[in-house]
Amino acid sequence: MELFIKTEIKAIVAEGAFGKNCNLVSFNEYNDIIEKKEWKYKAIFGDIVTSDDIRYSVLIKLKNRDQTIRESSECDTLFQNELNFYEKIMPFLLECRGPLVNNGNALSLPRFFYGRNNGGELAEKDLLIFENVNTLCYHFTEDQIFLDNDHLIIALQAIAKFHGLSYIAKHKNPSRFQDMIADIHDLQFDGNGHWTAQNDMLKRMGKRGVDRLLERDGGRYRDHEQLRRLNRLFDDATGTLRRAMRRREPLSVVCHGQYGRGSVMFQYDDCGRPSDALIMDFFETRYGSPALDLSMFLFTTTTQKVRETHWDDLLNAYCAALTAAVPPGVRFPNRAELDSEMATSAIVGFVEASFILPYKLRDNSDPLLDAVATSDDPVDYFLALGGDECTNILADLVQHMVDMAYTQPSDALWQ
């Protein structure tokens, strides 16, 4: 591996990725800390020194070396999405935004140096090279799952700045914007338009939360109209998600697609408080409601207590940052419109949370996992992940969606 990387880096430097007329002097690989995403990519860190005496600290993403995993997780498409993002989408968005008057509205992203995505038999030689932002004092939070209010606000401000770029670009160059988003490949559905997960997965994960909620507070929720509506959404996974992800103008944006704790890194001030957030890993970009990013982020990083006490504050912080990032005359959603988007698209956040949180909360020593590991239905194993704690968290999310009336369809589903 080390010889392969050095050979590739030498050729990439000679191609001009790190400046014209430069050659590689040295490449030294070293260990660093990054959220583990081994099914998506293998992370290699190193220092590149070029002939003009400049040192670059880099993160190199390689595809999973296991061909079965690589194909089942659609690594070729993931890499192409991120390559398109850094080579086409982001340059266009920044061009439309133009120079900033206020650096407080600047969006922090890792610097991109080089990408290659040939796929197929050449997949093991595909790679993406970024600046290693750990050297710029950006770090993942130490919290394993949920974030405190300070981190939540900073992360929401970051995604608001990102979403704001789409509104500016649609305003300044709508035709080119439409051409740009045509290259975005959504991985949620297969070529036949079916949800790539098992169709009853959403129904069964929803039932896990619904049943626990009724055990806890059946008197209040058993005949609740919003819970009936939510159950109907759970019953039709593909249709529900297709409707929730449908592009609805004029408010749709380029979404991160997997915005969560593992996709945002923080800088800290001298008092240890987060002062800036950097967004990374644009493998699953999609075009749709900003609520797709918001619901996933908030449903996977907040506790029930935070949602009950600070929900309005968090959404207001997003709206305030969006207002500051978008110049006058550009159309973007106000708080009432954002609430409407959340009512339609928050179900996607629940779906993502129902996958992510059980995995994060899993206890591999739990004997129940061994008991269901040999089940004919692989969903049984997944439903057991996280145990009772996760079941309660899913019930909390169901309760939140019911209380907030986040159960609204985007078309005539109920007619």
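Trainee: Where is Pro-250 found?

Mentor: Pro-250 is in the loop between helix H8 (237-245) and strand E6 (253-255). Keep in mind that this is a predicted model.

Trainee: What makes the peptide bond from Glu-249 to Pro-250 cis?

Mentor: Look at omega. For that bond, omega is near 15°, and the bond is cis. Most peptide bonds are trans.

Trainee: How many helices and strands are in the chain?

Mentor: The chain has 14 helices and nine strands. Its residues number 415, and buried ones make up 55% of them.

Trainee: What share of the contacts with a separation of 6 or more comes from residues 24 or more positions apart?

Mentor: Such residues account for 77% of those contacts.

Trainee: Let us turn to single residues. Why is Asn-21 called exposed?

Mentor: Exposed means over 50% relative accessible area. Asn-21 has 79% relative accessibility, so Asn-21 counts as exposed. Asn-21 sits in the loop between helix H1 (2-15) and strand E1 (24-30).

Trainee: What is the phi of Asn-21?

Mentor: Positive, about 60°, although Asn-21 is not a glycine. Most residues other than glycine have a negative phi.

Trainee: And Asp-281: is this residue buried or exposed?

Mentor: Buried means under 20%. Asp-281 has a relative accessible area of 5%, so Asp-281 is buried. Asp-281 also has a positive phi of about 60° without being a glycine. The loop that holds Asp-281 runs between strand E8 (274-279) and strand E9 (286-288).

Trainee: Why does Asn-84 count as buried?

Mentor: The cut-off is under 20%. Asn-84 has 8% relative accessibility, so Asn-84 counts as buried. This residue is found in helix H3 (residues 75-97).

Trainee: Which residues does Asn-84 touch, not counting residues up to four places away in sequence?

Mentor: Ile-89 and Asp-183.

Trainee: How do you know that Ser-295 is buried?

Mentor: Ser-295 has 0% relative accessibility, so Ser-295 counts as buried. The limit is under 20%. Ser-295 belongs to helix H9.

Trainee: What separates the C-alpha atoms of Ser-295 and Ser-345?

Mentor: A distance of 7.6 Å, although the two residues are 50 residues apart along the chain. Ser-295 touches Ser-345, along with Met-342, Ala-346, Val-348 and Gly-349, not counting residues up to four places away in sequence.

Trainee: H9 also packs with H4. Why are H4 and H9 called roughly antiparallel?

Mentor: Angles over 145 degrees count as roughly antiparallel. Helix H4 (residues 149-172) and helix H9 (residues 290-301) pack at about 170°, with axes 11 Å apart. H4 and H9 are therefore roughly antiparallel to each other.

Trainee: Which residues of H4 and H9 make the contact?

Mentor: On H4, they are Leu-152, Ala-155, Leu-156, Ile-159, His-163 and Tyr-167. On H9, they are Pro-290, Asp-293, Leu-294, Phe-297, Leu-298 and Thr-301. The crossing of H4 and H9 is right-handed.

Trainee: What makes H6 roughly perpendicular to H14?

Mentor: The range for roughly perpendicular is 65 to 115 degrees. The axes of helix H6 (residues 201-221) and H14 cross at roughly 70° and come within 7 Å. That makes H6 roughly perpendicular to H14. The contact includes Met-205, Gly-206 and Arg-208 of H6, and Gly-387, Asp-388 and Cys-390 of H14. The crossing of H6 and H14 is right-handed.

Trainee: Why is H14 said to be largely enclosed by the rest of the structure?

Mentor: Count its buried residues. Of the 17 residues of H14, 13 are buried, so H14 is largely enclosed by the rest of the structure.

Trainee: How far does H14 reach from its first C-alpha to its last?

Mentor: Helix H14 (residues 387-403) reaches 25 Å, close to the 24 Å expected at 1.5 Å a residue. H14 is followed by Ala-405, whose phi is positive, near 60°.

Trainee: Is Cys-271 buried or exposed?

Mentor: The exposed class starts over 50%. Cys-271 has 59% relative accessibility, so Cys-271 counts as exposed.

Trainee: What makes Cys-319 buried?

Mentor: Buried needs a value under 20%. Cys-319 has 10% relative accessibility, so Cys-319 counts as buried.

How values were computed. Residues are numbered from 1 along each chain as its sequence is written. This is a predicted model: local features need pLDDT of at least 70, side-chain atom pairs count only at pLDDT 80 or more; totals for chains, interfaces and linings use all residues. Side-chain values use heavy atoms; hydrogens and water are left out. Helices (H or I, at least four residues) and strands (E, at least two) are DSSP runs, numbered from the N terminus. The expected span of a helix is 1.5 Å times one less than its number of residues. Buried means under 20% relative accessible area, exposed over 50%, partly exposed in between (1.4 Å probe, protein chains only). Axes are lines fitted to C-alpha atoms, for helices over the stretch in contact, and angles run from 0 to 180 degrees between N-to-C directions. Angles under 35 degrees count as roughly parallel, over 145 as roughly antiparallel, 65 to 115 as roughly perpendicular and the rest as oblique. A crossing is left-handed if the near helix is turned anticlockwise from the far one by less than a right angle, and right-handed if clockwise. Contact means heavy atoms within 4.5 Å.
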